[in-house]
Amino acid sequence: MDHFALWLAAFFTLGIYSFLYKDNPWYKLCEAIFVGISAGYWVVTLFWDNFHGKFWVHKFEDWWLWIGAALGVLMLMRLFPKIGWISRWALAFIVGATSGLWMMNYFSSNIMRQVQDAVLPLFGTGFEASFGAILANIVVAVGTIAGLVYFFFSKEHKGVFGGTARVGILFLMVTFGASFGYTVMGRMSLLIGRIDFLFSDWLGLIR
Amino acid sequence: MRRAVPLVITTIVGATFVIRYFIPHYPFNRLNDWFSDWFAIVAACAIVLGALNLMRISIQKVVRGKPAWGYSLVTIVAFLLITIVGLAAGREYRGPDTAFSWLYNNTYSPLSSSMFAILAFFVASASYRAFRARNLEATLLLLAAFFVMLGRVPVGYVLSSFMPDGYRLTDLAVWIMNVPNTAGQRAIMIGIALGIVSTSVRVIVGIERTYLGGD
Amino acid sequence: MPLTCPTASGGSRSIRNLKPLQFIVCALLVVGSLGQVNAQSDSTILFDSAMNALAPVTSLLAADHKYDNGERIDLSWIPSIDDQPVNGKITGYGVYRLTNAGNPALIADLPSGSSTFSDDNVEPGSDYSYYIVARSAYESAVSVRTAPLSPQREWLNLNRGFLFLIAALISAAVIYFVQSAKRGKKLFVRKISGLEAIDDAVGRATEMGRPVLFIPGIHDMDDVQTLAALTILGRVSRTIADYDTKIFMPVARSLVMTAARETIKASYQAAGRPDAYSDDMVSYVTDEQFGYVAAVDGLMVREKPATVFLLGSFFAESLILAETGNSVGAIQIAGTARPAQLPFFIAACDFTLIGEELFAASAYLAGEPRQLGSLKGQDVGKAVAMVVIVVGALAATLGEAWDISFMQNIYHWLSSVFSSN
Amino acid sequence: MSTRTKEILVVAIVAALFLIFYLRKVFGAPPVLFPGTVSILVVSVIGLSLLWILIRTLAGRYVERRVVFLYVGIAVTLPLFMTLSQKVSVAPEVQGVFSSFEKLSAGSKVLVSFDYDPPSAPELQPMAEACLYYCFEHDLKVIIMGLWPQGPMQANLALQKVLNDERISQKNLQYGVDYVNLGFQAGNEFVIQRMGSEFRSMFPADFRGTPYEEIPLVTNIRNFSNIDYSFNIGSGYPGTREWVQIAVDRYGLKLGAGNTAVQTTEMYPYLRAGQLAGIVGGMSGAAEFEFLTKWIGNATKFMLAQSVAHMIVISFVIIGNVAFFVGRRTRERKS
């Protein structure tokens, strides 16, 4: 990397971290550049990859692509305040399709699949699971049921029901703790990567 | 026209996309792929609106000489620079030696990596400030995080190396991930899916129409 | 010459050392190769070398893949007898296809040990016939050809019949409860902490004379979480319009910008103050995740919002936003359906809507009793799931423990019902 | 002196320091490495300052978040200047990946798929380098491809680094004969599916535009059946999951995976089912893999910093909680 590029990258890196001290002109400058550059990057990417790559190249091969183009044009009607309301048609189309798609995809992959995985012989096939496996099976089953009870909206969390809901939230908390602990490691690696850039690539202080 | 037509569109399109799940026959089997293409095309058109909005606000700030208008000017210049360079470069704008790639590698990339990595600082400050064993719930969250964190670095291995194989911190971390975590994830996933199903039903049936706005 | 049998190791060994199964296979082979020798009466193949020849795959079956658009044919076969995990001669199989009785073409190379293949490069209306070549390092053996077969297009995926029934049940429950709420039936829904706080949070912003910041996640309109966030925005902006508080909403997607403007505008109209609405309340920043975060962070420290809503689909930025919001002293109400980000919201925000609660909130807050009906529908779904898990697990456990076939049947039936996807 | 003057002064000093450091590098000064005693001293100072934070917090004066930030920055930076030998214990899943490499004879063909982009590079790049190094060192032929647009660029960075290593550069490896970069192909899992019947249909030419038939290394490679082993370095979709579901399950490819820490857990089921030969997970997995391949690179270098970073987060959790409990007890006593 040439000197200018190195200094530029270092300038931006330090500029972003200066925000940790407080908001300052350096950060504001980096932020302004970042917003401009990334918005432009997405304009370019969406134009070439989506509009050109997905539509323009194939426009005479696949008639159905024109539905997308028509929706896009409807969307652009926003630019003309008088007929801007027509863009709602495109929005309605997208929202409808999203709802339909997500509804069935989540239904099969989350509900059906998860329920299926939860239904299993707790003591193993042929009653021969190890003690650890039996314990694990029971804990998973109890945790799942209790977690579902927590999300129940139709009943006040009182009595036995409330107790189960409480067990459910405890399971949820363990889940969150596990994801937190898990994420920390990856995040720290990112910072180390940046510091390595500063002190190794840029300043040459470390090997 | 303004209110009724969109509702009808949502209902018809939504129902079609539900039904396509059960019909393997053409053209229903293609709807999924088509929609992703359509959405890509619409998003490409819509970003014109977004970009114009960004430019309009920035230009207004500069023209009216609002405080910190200089930064808006920088945004405008940066935006125009990369857009022009990228659009002029043609389809192969991502190629290794283009000006677009240079800009990407030396501005976009360090900025985005640095912003991503700023998370490490916040993880530490949140650990110091917010992760408190206030009650049983919070305590469990903490303990789970604690053991998973310890179990995933060599330090954790060293700390518990006196224990027999299968009972070390590493194994505890794996157990937490595999057992209680699975139960919690499963309950959350089923709940979320039901939430999505019911939200979708409301949208398709036409009870939910906030996103369409008023008249 | 002792009677020998081709073996996996490539050599031949005495028939006396064979196990019963091997003996039968060997006998069949001998009979088969005798037939071969008879059929090719003019060939000069010696008996011994015929025995050593590579065995082809047998029982090759081609069947149309059920319930698809006629784009797949499933092949299955019994691997060659020479295909053994230890010291097998077979190095792999070549799948050949004849389209409309044309020339054979190699369509796939498979490793040894495979016994199935799905050809998904077929079209309805053409006839396909297949054969498989088993290969060793030096020779190859060709299987019989399948009869020509044409893939069929089906109109209904009957595999998903049960899935359809269950989906229909839950949807019907949602619609039923919505209808009964419409008719004026009172529906009880438990309190969701966090939702009660919304009005107070907006009120706080009003008192302090500081704005409200609303972040609808970083996904586009093709995510139901974004839809849910916009629904909540509808309610929040209604309160804001009533209180005459300032709201600003930077977004990462242009379509979300459009939809959010519609939403806020409608709320201001409903509050009878359409003149107070301005498009500048919602502004597009950039699609880039961290560019967006950089800008929102800057906004937070400069505008010092009194209340921050973080509702929708969040990724790594969740903690960056929540910690910055916390540092400027804002009340934060967060919610997402992404389990990996929930711990950060729980730690750094004042109220968090966990998973399903985000979707429930959008119904709860809409202020219409009939929206609440959909929550009841969700509960029906949960009840079904719980009952199936409990009954299924009990049946499976008892059935396996004491070999109760009735219980085992319930278990197998339930797993088959729920595997239909 | 006003705060503003102080701030300007600090910025000026830091900038001057950076300039001096940079000039130092330009004039060819070697990197700095702390000797053992200094390292121990530094680690003790880091530990003592944690103690100081604990005491302050106990006294009821919470340390300002900026101090926490500064502390994290310094504590993560300093270990990079040290070499403390840490005992590397190789996890079985990492050993699994390596053993599969070990079984390959010289001339075997290895397919390496780069399915990630720069933000994940700190974790994944060391794996890529170690993998390439091992292959080149043991005369394995490497075929590189990517399902992510930035993947092949990351591959080129890794190649550049490994080929310049003196142990490798003396082998005088030829592009197109010993290794090839087929580049990126859009289409996610469909790319893998089509590769199952014909590589060339997805990669008509390599990264440099040379037609597939004219590259000696791959002319005879038709599909997965000609590949002896495959290593997928991935950070999401498309990635390891898709490789397992299509290439492994349907075409019998032998696969090892390198994943980010966040993603690794999702892959364990495939490991248990035998669909993966092994997993190299996150920075610690990368360090173990480096240890096995004898390519001592960034992961090993970063491992100490990584451990320190973990300890810091854990310490902050502990400090916060100790202070919380002590504070609560004093409050209760008062009331």
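A salt bridge here is a side-chain nitrogen of Lys or Arg within 4 Å of a carboxyl oxygen of Asp or Glu. The model is predicted, so local features need pLDDT of at least 70 and side-chain atom pairs count only at pLDDT 80 or more, while totals for chains, interfaces and linings use all residues. Residues are numbered from 1 along each chain as its sequence is written, chains are lettered from A in the order in which they are written, and side-chain values use heavy atoms, with hydrogens and water left out.

**Exercise 1.** Find how many salt bridges link chain A and chain B, and name the partners.

*Solution.* Step one: the count between these chains is 1 salt bridge. Step two: the partners are Arg166(A) and Glu137(B), with their closest N and O atoms 2.6 Å apart.

**Exercise 2.** Describe the contact between chain A and chain B.

*Solution.* Start with contact, meaning heavy atoms within 4.5 Å: 106 residues of chain A meet 103 residues of chain B. Next comes buried area, the accessible area (1.4 Å probe) that two parts lose on being put together, summed over both. Chains A and B bury about 10300 Å² between them, 81% of it on carbon and sulfur atoms. Finally, Tyr41(A), Trp64(A) and Arg88(A) supply 7% of the area that chain A buries against chain B, more than any other three residues.

**Exercise 3.** Decide whether Ser267(C) is buried or exposed, and list its contacts.

*Solution.* Buried means under 20% relative accessible area, exposed over 50%, partly exposed in between (1.4 Å probe, protein chains only). At 6%, Ser267(C) is therefore buried. Leaving out residues up to four places away in sequence, Ser267(C) touches Gly234(C), Ser237(C), Arg238(C) and Ala241(C).
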